[in-house]
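Please look over the sequence and the model below before reading on. The report that follows takes up charged pairs, helix packing and the surface in turn.

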Amino acid sequence: LFEHELIHRITMESSNNNMSYWFAEGLATYIANFPQRGGDPIELGWYNKKDFNLIIDELEDINLEKLTESYDVGRYYGVSGMIIKYIDLTYGRDKLLEIINELGTYPFSDNIANENFDEENHIKLEEVFIKVLRKNKEKISNEWSEWLNNL
């Protein structure tokens, strides 16, 4: 838990608080939880590929704070972490860090005062994907789905 929250603290500061919830939770889950548990949820047998067959738009439509079933909460964190794992393994850690740092070039985003916080951060993240990875969110989602199905 401490490692997970520390990752949030570091990455939120680096990104000027401009991360979509799924991206922030994915980073913390991938960097802290996967190694601590000894693998990702598919490797550990907690979920299967079919369970994780979500694209980024679908993750963005989920309100994490309203999820009540442990399966759904675990799936949200797991899929988010797996997409970050895909980006890291496919594009490299330097690109993952570049995405975080590029988000930090936007003005600070106040999640308490701004009711459109996450929606605005979805737009910023796609802009950064295009700038850093040269691909939009739909293309990243399609590649992620193909990578997942080939595991």
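## Charged pairs across the chain

Glutamate 43 counts as exposed, because its relative accessibility is 56%, where exposed means over 50% relative accessible area, buried under 20% and partly exposed in between, with a 1.4 Å probe and protein chains only. This is a predicted model, in which local features need pLDDT of at least 70 and side-chain atom pairs count only at pLDDT 80 or more, while totals for chains, interfaces and linings use all residues. Residues are numbered from 1 along each chain as its sequence is written, and side-chain values use heavy atoms, with hydrogens and water left out.

The structure holds nine salt bridges, a salt bridge being a side-chain nitrogen of Lys or Arg within 4 Å of a carboxyl oxygen of Asp or Glu. In one of them, the side chains of lysine 85 and glutamate 43 meet at 3.3 Å, N to O. This pair links distant parts of the chain, since lysine 85 is in helix H4 and glutamate 43 is in the loop between H2 and helix H3 (56-61), 42 residues apart; helices (H or I, at least four residues) are DSSP runs, numbered from the N terminus. Lysine 85 counts as buried, because its relative accessibility is 13%.

Aspartate 57 forms another salt bridge, with lysine 137, and the closest N and O atoms are 3.1 Å apart. Aspartate 57 lies in helix H3 and lysine 137 in helix H7, so this pair ties together parts that are 80 residues apart in sequence. Aspartate 57 counts as partly exposed at 39% relative accessibility, whereas lysine 137 is buried, with a relative accessible area of 12%.

A salt bridge also joins lysine 135 to glutamate 143, with 2.7 Å between the closest N and O atoms. Salt bridges that share partners join Asp40, Glu43 and Lys85 into one network.

## How the helices cross

Two packed helices are described by the angle between their axes and the distance between the axes. Helix H2 (residues 21-37) and H4 pack with their axes 7 Å apart, at an angle of about 80 degrees; the axes are lines fitted to C-alpha atoms, for helices over the stretch in contact, and angles run from 0 to 180 degrees between N-to-C directions. H2 and H4 are therefore roughly perpendicular to each other, a description used for angles of 65 to 115 degrees. Among the residues that meet here are Tyr30 and Phe34 in H2 and Met82 and Leu89 in H4, where contact means heavy atoms within 4.5 Å.

Helix H4 (residues 70-91) also meets helix H7 (residues 137-149), and their axes come within 10 Å and cross at roughly 95 degrees. H4 and H7 are likewise roughly perpendicular to each other. The residues in contact include Lys85 and Tyr86 in H4, and Glu143 and Trp147 in H7. Glutamate 143 counts as buried at 16% relative accessibility.

## Nonpolar residues at the surface

Phe2, Leu6 and Ile10 form a nonpolar patch on the surface, with about 330 Å² of accessible area together. Patches are made of residues with over 30% relative accessible area and no salt bridge, with like charges joined within 9 Å and nonpolar side chains (Val, Leu, Ile, Met, Phe, Trp, Tyr) within 5 Å; accessible areas come from the Shrake-Rupley method with a 1.4 Å probe, and for residues only the protein chains shown count as cover. Isoleucine 10 is found in helix H1 (residues 2-14) and counts as partly exposed at 46% relative accessibility.

Definitions and conventions. Helices (H or I, at least four residues) and strands (E, at least two) are DSSP runs, numbered from the N terminus. Angles under 35 degrees count as roughly parallel, over 145 as roughly antiparallel, 65 to 115 as roughly perpendicular and the rest as oblique.
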